[in-house]
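Hi,

Here's the structure I promised to pass on. Have a look, and then read on for what turned up.

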Amino acid sequence: MRAVDIIIKKRDGLELTKEEIEFFIQGYTRGDIPDYQAAAWAMAVVWRGMTPRETTDLTLAMAASGDTLDLSAVVPFAVDKHSTGGVGDKTTLVVEPVVAACGLPVGKMSGRGLGFTGGTLDKLESIPGYRTDLTTGEFLRQLREIGLVLTGQSADLAPADGKLYALRDVTGTVQSMPLIASSIMSKKIAAGAQGIVLDVKTGLGAFMQTLEEARELATLMVQIAHLAGRKAVALLSDMNQPLGHAVGNALEVREAIETLQGGGPADFREHCLVVAAHMLHLGGKAADEEEGRALAEAAIADGRAWEAFRKLVIAQGGDVSYVDDPDKLPAARIVKALPAPQDGYLAEIHARKVGEAAVILGAGRTRKGDPVNHAVGIVVHHKVGDFLKAGEPVMSIHADDEASLQEALSRLDEAIVWQEAPVEPLPLFYGVVA
Ligand code: URA
């Protein structure tokens, strides 16, 4: 078999066999197939798509590229959650400690920023010392000891996704249902959680722009989970406007800390409570979502969720004084407010454009392996439906240099749409795929 023939076959819209998919994934993981061939293949998949059978084979080949953990040897039942990617989506930072504080172990492998969307690992690395490269042994030990792990792919867990994810980020090959489904589900299968809650985003700042596409992706991922013997549920959630207020690594960590301490933006808090409720129900800690929500609220109210987050930071080598005193987290040199140009209602805050502006500021990558700037980002002070008077700040831009600030400002200029007539607020969720 030759990699080039597999690329050509997919370029021509033909269905790949299981053997061809395995050959390609194994070759790429070992380094026999170079990045340029993997990038060409990924672009062919973006254009030609894959059948559900190919996507399932791709997922299983990527999961099998490293170890597959069996968490039942360590804890009775572990849950995990994963988002398909959004702007201002710091949900993991809140729901994982909340759920762990309710007595349900959570073991998660997260990702880095992808395209215009942020990544949990980049956010966590705003905390000096926080390790996102735990070995399999460390993952299992920490899960047993504190019931909470939040790390990245290691050389031994889904390494194929680790390589492909970084390549897709900078080759315009993120937006593809089979590539997203296989990326997410290979990590979930390798990390071994028996229950998985998928947060499938839809809208202007999501990879799936329409509800139909999001539902299709959700259904595909739930089917793959079942095939791999896992319990799974997918929530269809809004990503037309950023979630919460903060977009950018350290800014989002601050907002997650506020939420874990009982404050935080109302939409973000509500989103987290719903996701946590589903995790607790799936993991058998709650009879239904209502009870799960009550448990989650209690864990935030009495400080257990916050303590779980501190324990996580300490366990993974982070300097906990930075979360105890978030003013120590990286901060940008320039903070510029963007005022409302007129009285009016906010009709649109285009999440993708806000995400792109954050990448321009340095919060994400434009080349593989680039460092990210943890300090920079955007705080959107309002939500769609809010009324503002001319001159009131809509957003604050946190930048480290004048050139990126100006470029981000011109991108953000196109992100806001005003309307004189009242505007309905956006919903948070559109449905559930079980
Ligand atoms: N999250 C992932 O882990 N992979 C994707 O492709 C998109 C979101």
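How many bridges join E4 to strand E5 (residues 231-238), and in which sense do the two run? There are 8 bridges between them, and the strands are parallel. To get from E4 to E5 the chain goes through helix H10 (residues 211-227), and this β-α-β crossover is right-handed. If you want a spot to look at in that pairing, Val-197 stands opposite Val-233 in E5. Do keep in mind that this is a predicted model.

E4 has another partner too: strand E1 (residues 79-83) pairs with E4, again in the parallel sense, over 5 bridges. There, Asp-80 sits opposite Ile-196 in E4.

As for how covered E4 (residues 195-202) is, 8 of its 8 residues are buried. That goes for both faces: Gly-195, Val-197, Asp-199 and Lys-201 are buried on one side, and Ile-196, Leu-198, Val-200 and Thr-202 on the other.

The other place I looked at is Met-395, which lies in strand E11 (residues 393-399). Met-395 counts as buried because its relative accessibility is 0%, and the cut-off for buried is under 20%. Beyond its neighbours within four places in sequence, Met-395 touches a whole list of residues, among them Lys-336, Ala-337, Leu-338, Ile-349 and Val-354. The list also includes Ile-378, Val-379, Val-380 and His-381, along with Leu-412 and Ile-416.

Cheers

Note on methods
Residues are numbered from 1 along each chain as its sequence is written. This is a predicted model: local features need pLDDT of at least 70, side-chain atom pairs count only at pLDDT 80 or more; totals for chains, interfaces and linings use all residues. Side-chain values use heavy atoms; hydrogens and water are left out. Helices (H or I, at least four residues) and strands (E, at least two) are DSSP runs, numbered from the N terminus. Buried means under 20% relative accessible area, exposed over 50%, partly exposed in between (1.4 Å probe, protein chains only). Contact means heavy atoms within 4.5 Å. Two strands pair if DSSP finds at least two bridges between them. A crossover is right-handed if, with the strands pointing away from the viewer, the path from the first strand over the helix to the second runs clockwise.
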